[in-house]
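This report describes a structure for a reader working from its sequence and atoms.

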Amino acid sequence: MLLRHTPQEIVEREALTVNPAKTCQPIGAMYAALGIHGCLPHSHGSQGCCAYHRSTLTRHYKEPVMAATSSFTEGTAVFGGQSNLVQAIHNIFAIYDPDVIAIHTTCLSETIGDDIPQIIRAVQDEGKVPNGKYVIHCNTPSYVGSHVTGFANMTKGMIEYFAENTGQTNGRVNIIPGWVEPSDMREIKRLVAEMGVRSIVFPDTSGVLDAPQTGSHVFYPKGGVTVPQLRDAGESIATLALGEFASRPAAELLDTKCFVPCQILDLPIGLQATDRFINALRETTHVEVPSSIDEERGQLVDMILDMHQYLYGKKVALWGDPDQLVALIEFLLTIDMLPVHIVTGTPGKRFEDRIHALTDGIVPNVNVKQGPSADIFLLHQWIKNEPVDLLIGNTYGKYIARDEDIPFIRHGFPILDRVGHSYFPTVGYRGALRLLEKILTAFMDRQDRDAPEESFELVM
Ligand code: SF4
């Protein structure tokens, strides 16, 4: 009983978070920056921040995550980080030769108040940015927001620095996939190509954080959106931004800066959200949905119908990122499961209202909470008061799964103790099939384990 001290009685808390359902802003900025081809993320802060962010990403993706740091010391805290950053930019271009350095700030540099755009201008004026190379930035103070906010900020930074509109139209659709796995980005690109739509997907970590073992180390893997593509994003016919929290800011900036109209959609997780994504592609580009995609959809519907008896009425507790949760919860409701406890540590508008709208009339008294005190400790207390059949969330829920003996599906960020998320998508119809397979396997394994001998079934 690792969490034996979690009390069933819930006391309102304001100044204490226990096991938060979020992590640090710069982690998201670093992940997004890795989705630019030839980019070296740079953490403007102390070595400890950078080491934590790199190790969390490395543990989740099981890939070496390269990033540089301004290596703040006590002196930097007093005099500011400008000289460290100027020196760092010079060293990075001289030694590591990236196409882009993507700087994000940290708690300390934000508190000092370092003016990053001014430092970048100074470095450019000194001629320390080689021709054809770029330095971009975003602000990621970690005492507000979460890793999702950091991802959104760096994605917006890509538009601020690169997108241009020269009055031409490239006939493409921008897809901002949000914080999803490299496998999901790959699957989104496959679906879009299957529809016959030409796209620019950014950020794109496929081919970067799921790169193959070739026997030789490649500092900048093949994947990632290129700088010319990011520039071209300003001339696309439309933007489909997947995820209110991770993708809306960049899409809206593209609209105001380059007049590219945007639609904000949910992540295409599950049947209905994928339908809306495919429909948006169809309407935006006036293409027909090919029979191959109809077939994938039909397979998903078939499995939902075949296995409905295992899913109906099962209660679920979920935690994680708001964009993921909204889409997952809609999918669970589609298959007649009942999401009853939901927490996200990422602050922002419209999340709780959206969950209440989705569950209204279906899940009476749904528990949903967002923000600093919406933590996994509270989720555990809710579970003690109203038990569930399934847990869905990141690795930090494994203690609850063990103590309460509840089947557990790992989903979201970070997953530190399992593999597969980098390679097997959960978006699209095929991704929903995989999610369904995982849910059914969890329930059937539980049934096999608990069945008395006389009702232990070979065929289920
Ligand atoms: S919370 Fe702030 S100080 Fe801590 S690792 Fe993140 S950026 Fe660094």
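## Burial and the first strand

A residue is called buried if 20 or more other C-beta atoms lie within 10 Å of its own, exposed if 12 or fewer, and partly exposed in between, with C-beta atoms placed from the backbone. Helices (H or I, at least four residues) and strands (E, at least two) are DSSP runs, numbered from the N terminus. The model is predicted: local features need pLDDT of at least 70 and side-chain atom pairs count only at pLDDT 80 or more, whereas totals for chains, interfaces and linings use all residues. Residues are numbered from 1 along each chain as its sequence is written.

Strand 1 (residues 39-44) is mostly covered, with 6 of its 6 residues buried. C39, P41 and S43 point one way from strand 1, while L40, H42 and H44 point the other way, and all are buried.

## Overall form

The protein contains 18 helices and 13 strands. Its C-alpha trace spans about 80 × 55 × 45 Å along the principal axes. The radius of gyration, taken over C-alpha atoms, is compared with a globule rule of 2.2 Å times the number of residues to the power 0.38. For 460 residues, a compact globule would have a radius of gyration near 23 Å, and the protein agrees, with 23 Å.

Buried residues make up 50% of the 460 residues. Two residues are in contact if their C-beta atoms, placed from the backbone, lie within 7 Å. Of the contacts with a separation of 6 or more, 74% are between residues 24 or more positions apart.

An open sheet of 4 strands has the order 2-1-3-4, with parallel pairing; two strands pair if DSSP finds at least two bridges between them. Strand 2 and strand 4 (134-138) are the edge strands, each pairing on one side only.

Strand 1 and strand 3 (residues 100-105) run parallel and are joined by 6 bridges, with H44 opposite T105. Strand 1 is also joined to strand 2 (residues 68-69) by 2 bridges, again in parallel, and there H42 has A68 as its bridge partner. Strand 3 and strand 4 run parallel with 5 bridges between them; H104 has C138 as its bridge partner in strand 4.

## Ligand surroundings

Which residues lie around the ligand? They are C24, P26, G45, C49, Y52, T106, C107 and S142, where a residue is near a molecule or strand if its C-beta atom, placed from the backbone, lies within 6 Å of it.

In the classification used here, Ala, Val, Leu, Ile, Met, Phe, Trp, Tyr, Cys and Pro count as nonpolar, Asp, Glu, Lys and Arg as charged, and the others, Gly among them, as polar. The shell around the ligand has 5 nonpolar, 3 polar and no charged residues.

## Domains and their contact

The domain assignment gives domain 1 (25-144), domain 2 (173-290) and domain 3 (295-453), with bounds that come from an automatic or database domain assignment. The C-alpha centres of domain 2 and domain 3 lie 25 Å apart. Their contact takes 26 residues from domain 2 and 27 residues from domain 3.

On the side of domain 2 that touches domain 3, helix 8 (182-194), helix 10 (244-258) and helix 11 (271-285) each supply at least two residues. Helix 8 gives the largest share, 7 residues. That side divides into 13 nonpolar, 6 polar and 7 charged residues.

D255 lies in helix 10. D255 is partly exposed because 16 other C-beta atoms lie within 10 Å. Leaving aside neighbours within four places in sequence, D255 is in contact with V260, P261 and C262.

## Backbone particulars

Most residues other than glycine have a negative phi, and most peptide bonds are trans. A cis peptide bond joins F202 and P203, with omega about -15°; P203 is in the loop between strand 6 (199-201) and helix 9 (227-232). The bond from F413 to P414 is also cis, with omega near -5°, and P414 is found in the loop between strand 13 (408-410) and helix 18 (428-450).

D97, in the loop between helix 4 (82-95) and strand 3, has a positive phi near 50°. D97 counts as partly exposed because it has 13 C-beta neighbours inside 10 Å. N365 has a positive phi near 55° and is placed in the loop between helix 15 (351-359) and strand 11 (367-370). With 7 other C-beta atoms within 10 Å, N365 is exposed.
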